Amino acid sequence: MRSLALALAALTPLVLAPAPLFAQTKQVMADVEEKSIPELSAMLASGRVSSEDLVKAYIDRIGRIDEDSSVHLNSVIALMPDALAEARTLDAERKAGKLRGPLHGIPILIKDNIEAKGPIPTTAGSTALLANVTDRDAPLVARLRAAGAIILGKTNLSQWANIRSNDSVSGWSSVGGLVKNPYALDRNACGSSSGSGAAAAASLAAATIGTETDGSIICPSSINGLVGFKPTLGLVSRTHVIPISHSQDTAGPMARSVTDAALLLTALAGSDPADPATAEADRRKTDYAAGLSPDYLKGARIGVLMDRRGGNARVQAAFAAALEKLKAAGAELVEIADSRTGLEGLGEAEFKVLMVELKADLNAYLATTPPEVTARTLKDVIAFNTANAETELAWFDQSLFDLAESQKGLDDPDYKEALAKSKRLAGAEGIDKLLKTHNVRFLVGPSNAPAWVSDLVNGDHSIGPSQSQMPAVAGYPHITVPMGLVAGLPVGLSIIGGQWQDHEVIKAGYAFEQASKARVAPTYADSADAKADPIGR
């Protein structure tokens, strides 16, 4: 937050409001570490704490953990200056007997590519957008507020949601610096929702909201020991969220339990007239926290993606242990030896779609920003980065931006062909075919390898595995749930389902969570423990 405050000082004194918030937290009564949303709600219902107390407690924790020099996670870019006022309003409603639901008075952090009312800009981690104070709530934020959630602040992220360069460093932005992993501070928090991942893991809010185009909810959730849920495309509005691809972008919850993620999704889901993809959302949405049972997987056939386990023996051991937990929960496992046949060309087609839509969608978004934002197109952003190379291009180039700028547009026949091909390969000939051919309800695999050492000079060097591509491109639901530690670093189990099977995937995730109880709180170690139990805890 220091870097944002300094950068914004020349723009408006309003954004410096977080400073007095810290001053008001000297007497913090609430213990919020590792507290679930139901636990926090029970504390509020009992009168032991108020929502104001919770906001103060989280702000105090952000000051001690995110800003303290011995840890300094760099996961929170800014605090909302009206968070305490919102808390007092919700406390008054509670006292008057008006409750908006299970999120009433619960502080949440949102990723800084999502707009929220107030004087804090929405930057996507770029100083090109420091003047992007729209003072409007994205519909997903409006839904959270209507459900009683308090928007505590904004989280750091991989700049431009990690789409600027193939040589990028996940978790780095020119606005917020480099996000650290709370399980080992020299390790990466994964992009692009890195700040949301680290902040939720460190209990800097009850939970966080991330966004994903391909892996950016699942990877930071897995690597930071969280439950992350990427919903079916169209369940959650994308309006007023800085875009990459309208064919793949979605927001979703990142939390320390499946129940917490389900409660958030219940608030987030719904149709938005400004986002045509959400036309079915009102008809499809439900109470995602209802019907969660440890017995849900009894008799369920689950496809095991044996060819997508990666080459890390420790990850494979953790995955094997997770499969035993699934069996213990009553699931029938079906090994799938070759899930890739017929999917050749998926990556190439997806990449073409992302490059074309990045230019078209970002140009459309930037056209809606305030006049003070001088970068009105992707071409303008490229020019801004070139003119401010010392800040913006300090660690990696903008070669993907350059490539996107060269694309012909949404009417290009090559783009239309790539879009149809990517959707077909990932959906009908990918997930749908695997589910049907093997007569299984879900697909499972290791979400990701453990976090790699962050390297600003050489960029990311994750070695996989990853299960994100097929559900991301198809737009199907995907959850990651902690399955243990590898050398003290979290790894997650991915569960993937068919289109609009969001509730079923969440229920499967809950049953595995209850069978495994694998989540371990972060220790803020300086580095990973190479001698740790290879199958986790």
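Me: Why does Cys190 count as buried in this predicted model?
Reply: Buried means under 20% relative accessible area. Cys190 has 4% relative accessibility, so Cys190 counts as buried.

Me: Is Cys219 buried or exposed, and what makes it so?
Reply: Its relative accessible area is 8%. The limit for buried is under 20%, so Cys219 is buried.

Me: How do you know that Cys190 and Cys219 form a disulfide?
Reply: Their sulfur atoms are 1.9 Å apart. A disulfide needs the sulfur atoms within 2.5 Å, so the pair qualifies. The structure holds one disulfide. The angle about the S-S bond is 105°, and the link is right-handed.

Me: Which parts does the pair tie together?
Reply: Cys190 sits in the loop between strand E5 (177–178) and helix H7 (194–201). Cys219 belongs to helix H8 (residues 218–223). The pair therefore ties together parts that are 29 residues apart in sequence.

Me: What makes E7 and E8 a strand pair?
Reply: Two bridges join E7 (residues 227–230) to E8 (residues 250–255). Pairing takes at least two bridges, so E7 and E8 pair. They run antiparallel. Gly228 stands opposite Met254 in E8.

Me: How do you know that E7 pairs with E12?
Reply: Three bridges link E7 and E12 (residues 478–486). The requirement is at least two, so this is a pair, in the antiparallel sense. Lys230 stands opposite His478 in E12.

Me: Why are both faces of E7 called covered?
Reply: In a regular strand, side chains alternate between the two faces of the sheet. Val227 and Phe229 are on one side of E7, with Gly228 and Lys230 on the other. Each of these residues is buried, so both faces are covered.

Me: Which residues touch the most other members of the largest nonpolar core?
Reply: They are Leu140, Leu144, Leu152, Ile209 and Leu297, in a core of 102 residues. Helix H9 (residues 258–268) gives the most to this core, with eight residues.

Me: What is Leu297 in contact with, leaving aside neighbours within four places in sequence?
Reply: Its contacts include Ile302, Leu326, Phe442 and Phe512. Among the others are Ala329, Gly330 and Ala508. A second, separate core has 20 residues, including Ala161, Ile244, Leu362 and Tyr365.

Me: How many cavities of 30 Å³ or more does a search of the whole structure find?
Reply: The search finds two.

Note on methods: Residues numbered from 1 in each chain as written. Predicted model: local features only at pLDDT ≥ 70, side-chain atom pairs only at ≥ 80, totals over all residues. Heavy atoms only, no water. Buried < 20%, exposed > 50% of the residue type's maximum accessible area, 1.4 Å probe, protein only. Helix = DSSP H or I, 4+ residues; strand = E, 2+ residues; numbered from the N terminus. Core = buried A, V, L, I, M, F, W, Y, C linked by side-chain atoms within 4.5 Å. Contact = heavy atoms within 4.5 Å. 1 Å grid on protein atoms, 1.4 Å probe; cavity = no way out; pocket = protein on both sides within 12 Å on 5 of 7 lines; lining within 4 Å. Points joined across faces, edges and corners; volume = space filled by probe spheres on them.
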